[in-house]
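Notebook open, model loaded. I'm jotting down what I look up as I go.

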Amino acid sequence: MSGATAGGATAGATAGAGVFTDAQKTDIRRFCGYPAYGADNAGNMSFRFYTAYGTLEYRMNNFSPAEVAVVLNQLTILYTLEAAVPTAGDDLDTSAAGAWTRNAGEVGERLALLDAWRRRLCGFIGVPPGEALGSAGVRWIV
């Protein structure tokens with residue numbers, strides 16, 4: 001099970017049992033809707049400001065080999081779904097051509113499917129969807 005990403009990482013490659021490569025961690029954060037981590041957790045991006053982000057980082061570094069396999073499988077699915085979204089726009093300029101008629105909601109449907117799988121990844125990891133993915137309801141941070 002190996003899917004190439006835009007960054008050149010593969011879903012099947014891990015640095016060791018329970019450990020993801022930096023590229024895989026970046027993709028996990030991105031798919032879960034969390035902002036870029038950067039080179040250091042200083043300033044307002046440290047875990048003391050984002051408890052869920054700290055939980056995500058801890059879990060990525062401490063998964064069992066079986067859990068790593070599940071996450072890698074989900075990453076492979078997410079890479080495929082993500083790659084299909086831009087190509088769905090290839091036929092947006094065609095309303096009808098012969099017997100074929102484009103699905104006017106295809107891009108939205110593909111994005112909804114991608115986001116559903118992103119939420120499944122968050123659910124498996126045990127973190128709420130990040131700000132970029134959005135979450136249901138209102139969250140108060142006190």
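Which residues form one aromatic cluster? I find F20, F63 and F124 in it.

Ground rules before I go on. This is a predicted model, where local features need pLDDT of at least 70 and side-chain atom pairs count only at pLDDT 80 or more, while totals for chains, interfaces and linings use all residues. Residues are numbered from 1 along each chain as its sequence is written, and side-chain values use heavy atoms, with hydrogens and water left out.

**Overall fold.** I count four helices and zero strands, taking helices as DSSP runs of H or I with at least four residues and strands as E runs of at least two, numbered from the N terminus. Along the sequence I read α-α-α-α. The chain has 142 residues, and 32% of them count as buried; buried means under 20% relative accessible area, exposed over 50%, and partly exposed in between, with a 1.4 Å probe and protein chains only. I also looked at contacts (heavy atoms within 4.5 Å): among those with a separation of 6 or more, 60% come from residues 24 or more positions apart.

**Aromatic pairs.** My search of the whole structure turned up four. Rings of Phe, Tyr and Trp (its six-membered ring) pair if their centres lie within 6.5 Å; planes under 30 degrees apart are stacked, over 60 edge-to-face, and the rest tilted. One of the pairs is F31 with Y79: centres 5.8 Å apart and planes at 55°, so I log it as tilted. This pair ties together distant parts of the chain, with F31 in helix α1 and Y79 in helix α3, 48 residues apart. Both F31 and Y79 are buried.

Next I checked Y34 and Y53, whose ring centres are 5.5 Å apart with planes at 50°, so that pair is tilted. Y34 sits in the loop between α1 and α2, and Y53 is in helix α2, 19 residues along. Are these two buried or exposed? Y34 counts as buried at 10% relative accessibility, and Y53 counts as buried at 1%.

**α1 and its partners.** In α1 I list Q24, K25, D27, I28, R29, F31 and C32 as buried. The buried residues of α1 pack against α2, α3 and α4. Just past the helix, G33 has a positive phi of about 90°.

For α1 (residues 22-32) against α2 (residues 51-62), the axes come within 11 Å and cross at roughly 140°; axes are lines fitted to C-alpha atoms, for helices over the stretch in contact, with angles from 0 to 180 degrees between N-to-C directions. K25, I28 and R29 of α1 make the contact with Y53, L56, E57, M60 and N61 of α2.

**α3 with α4.** What is the crossing angle of these axes? I get roughly 165° for α3 (residues 65-88) and α4 (residues 106-125), with the axes within 9 Å. The two are therefore roughly antiparallel (over 145 degrees; under 35 is roughly parallel, 65 to 115 roughly perpendicular and the rest oblique). The α3 side of the contact includes V70, I77, L81 and V85, and the α4 side includes L111, L114, W117 and F124. By class, the residues of this contact are 15 nonpolar, one polar and six charged.

Key: Nonpolar A, V, L, I, M, F, W, Y, C, P; charged D, E, K, R; others polar.
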